[in-house]
Amino acid sequence: MGCVLEVDVDGEGVFFVDKDVLAPFIGEIKELADERPAIAPARTHRRRVALHGFPGGAEAFELFARFCYNGGSGLVVTAANACALRCAAQFMDMADAPACSATPSLVKMTEKVLEEMPHWPWQAVVDAVKECQRLFPLSESTGVFDRVVGALLSQMAVPGDATPTSSSPESSAFRFSCDTKCSSLSMRRTWWFEDLVVLSPAMVERVAKALLARGADHGIVARFIFYYLKCRIAGASAEDKKAMLEAAIAVIADLDRSSFSCKGLFGILRISSPLKLAGACQDTLVDMIGRKLDHATLDNLLVPAPSGTGSLYDVSLVLRFLEAFMRHTGGARDEPPRLKKVGALMDMYLTEVAPDPSLRPARFVELATALPATARDSHDALYRAIDVYFQVHARLTDDEKMKICKGINYEKLSPECCKHLATNAGFPTRAAVQALASQHTVLKGIIRHTGPLKPASSPPPPFTGKYHHHSESYNDIDGDDSNGQVVLYASRLDLSLENQNLKSLLDGMHWRVMELEKVCSRMKTQMTKMKSSRRRAARSLPRMCS
């Protein structure tokens with residue numbers, strides 16, 4: 001008997017094998033025997049070898065040893081052991097024997113069985129996926145994982161009622177009761193979710209990405225990811241939750257934007273907030289939410305601020321959403337409806353966060369000016385939000401208030417809001433003057449566009465309560481031209497009246513500014529006189545005797 005090897009397989013079992021028996025099947029058998037002194041008398045030539053991470057453990061090594069001792073015969077490769085034996089052959093550096101060689105090849109035997117994987121029973125394929133999880137990364141380098149994914153995809157296409165699964169109709173109905181509408185079609189396409197939900201986060205990420213690479217439906221993969229989180233996130237440790245969420249984000253990032261909802265992304269965001277995900281992963285999540293910001297709701301954006309900041313809401317996070325939205329839409333130049341949706345959403349958000357006493361003016365200005373001018377057709381909602389902010393932050397100076405008011409386009413204010421601003425003591429006088437001046441300009445433009453009012457050939461007769469019965473009067477009343485002239489006259493009259501009201505308000509504001517300037521000028525003059533009189537008094541004082 002040649003050199004005997006005492007093989008310890010992962011601490012699970014010890015095997016005594018003859019190196020000469022293994023030599024014909026293993027390319028580098030000498031690597032199994034280390035150069036340490038023998039642990040037994042020299043005549044036994046016994047050497048100890050420890051195999052760490054052997055694919056399939058002691059059970060797979062026993063099958064491998066039988067294959068070698070029986071000369072390649074007597075070993076039955078089945079769906080249950082094919083994956084482990086293929087990886088074991090790779091681990092032991094068993095080269096694929098040439099076609100002309102008479103030496104049996106374990107690689108060829110396992111590959112032949114793996115080629116039939118698409119025809120295996122569903123449960124055997126699921127077991128193979130779990131086996132690949134334990135055998136990784138050898139299962140990937142040997143191509144076993146790729147074969148398993150192909151078998152999964154081919155069997156997923158089979159309707160659920162034609163494929164045996166471990167899921168009951170009751171459990172299937174429950175799985176989508178919270179987040180997806182149940183239908184017979186969706187049930188037939190998602191019957192396999194329950195069987196793969198036991199996989200580790202890393203394996204779920206690999207399987208999902210491999211399915212996408214092979215053309216799987218993005219919507220189905222997205223539903224599986226959210227279902228996986230729904231089933232596994234509750235009761236998991238912080239580390240496990242973090243791993244699940246990072247795997248889910250990595251998969252969702254590869255999906256079409258239409259295959260997942262904005263609500264689902266905000267759900268992931270809320271769960272991940274206290275977990276401190278990796279920076280790149282957090283950035284990816286923020287970027288995906290920003291791309292779908294036009295589908296968000298006000299409740300979605302009201303994310304509590306991190307502890308210790310003193311603020312009510314995480315305004316910095318919303319600003320990052322806006323940056324991502326503008327970056328992906330290019331300012332939404334080609335998609336005005338999406339931009340206007342985000343503009344309306346931000347007006348509601350500004351109104352909601354304005355009462356926060358910890359919200360700094362600079363942050364409020366960033367929120368108010370983050371979107372381009374085309375995002376808002378009217379600035380009434382923005383004015384109301386600023387009004388609330390000024391009421392809560394009463395200690396702001398006029399300069400600070402004017403910086404905030406720069407976000408308002410006064411020409412987009414309604415006449416009602418403009419009048420309210422002109423009499424609002426919380427706004428600086430300069431803002432009121434600018435608002436009235438802008439409204440005056442708008443009205444002048446409207447009147448200029450309409451054209452000068454042409455005098456009628458004869459003034460309209462006063463209403464006497466009597467009706468004229470001649471036919472010409474009826475024609476004058478019913479004619480289209482006369483109706484249009486009356487409507488135009490009335491509208492111009494209203495505009496002229498409105499213009500006069502605004503002009504009077506504007507004149508009053510100008511008078512107020514001039515009065516303030518006069519008061520300031522008088523105060524400066526008095527202060528100058530007081531300073532000069534003090535200097536003269538100081539010079540006239542007698543010098544004290546020394």
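Start by selecting Arg 338, which is buried at 12% relative accessibility (buried means under 20% relative accessible area, exposed over 50%, partly exposed in between, with a 1.4 Å probe and protein chains only). This is a predicted model, in which local features need pLDDT of at least 70 and side-chain atom pairs count only at pLDDT 80 or more, while totals for chains, interfaces and linings use all residues. Residues are numbered from 1 along each chain as its sequence is written, and side-chain values use heavy atoms, with hydrogens and water left out.

Asp 294 sits in the loop between H15 and helix H16 (298–301), and Arg 338 in helix H18 (residues 336–353), 44 residues apart. Helices (H or I, at least four residues) and strands (E, at least two) are DSSP runs, numbered from the N terminus. Asp 294 is buried too, with a relative accessible area of 11%.

Next, select Arg 327 and Asp 287, a salt bridge at 2.8 Å, N to O. Arg 327 belongs to helix H17 (residues 315–329) and Asp 287 to helix H15 (residues 279–291), so the pair ties together parts 40 residues apart in sequence. Arg 327 is exposed at 54% relative accessibility.

Move on to Arg 214 and Asp 146, whose side chains form a salt bridge (3.1 Å, N to O). Arg 214 is partly exposed at 38% relative accessible area, and Asp 146 is partly exposed at 45%.

How many salt bridges does this rule give? The count is 16.

Technical notes. Salt bridge = Lys/Arg side-chain N within 4 Å of Asp/Glu carboxyl O.
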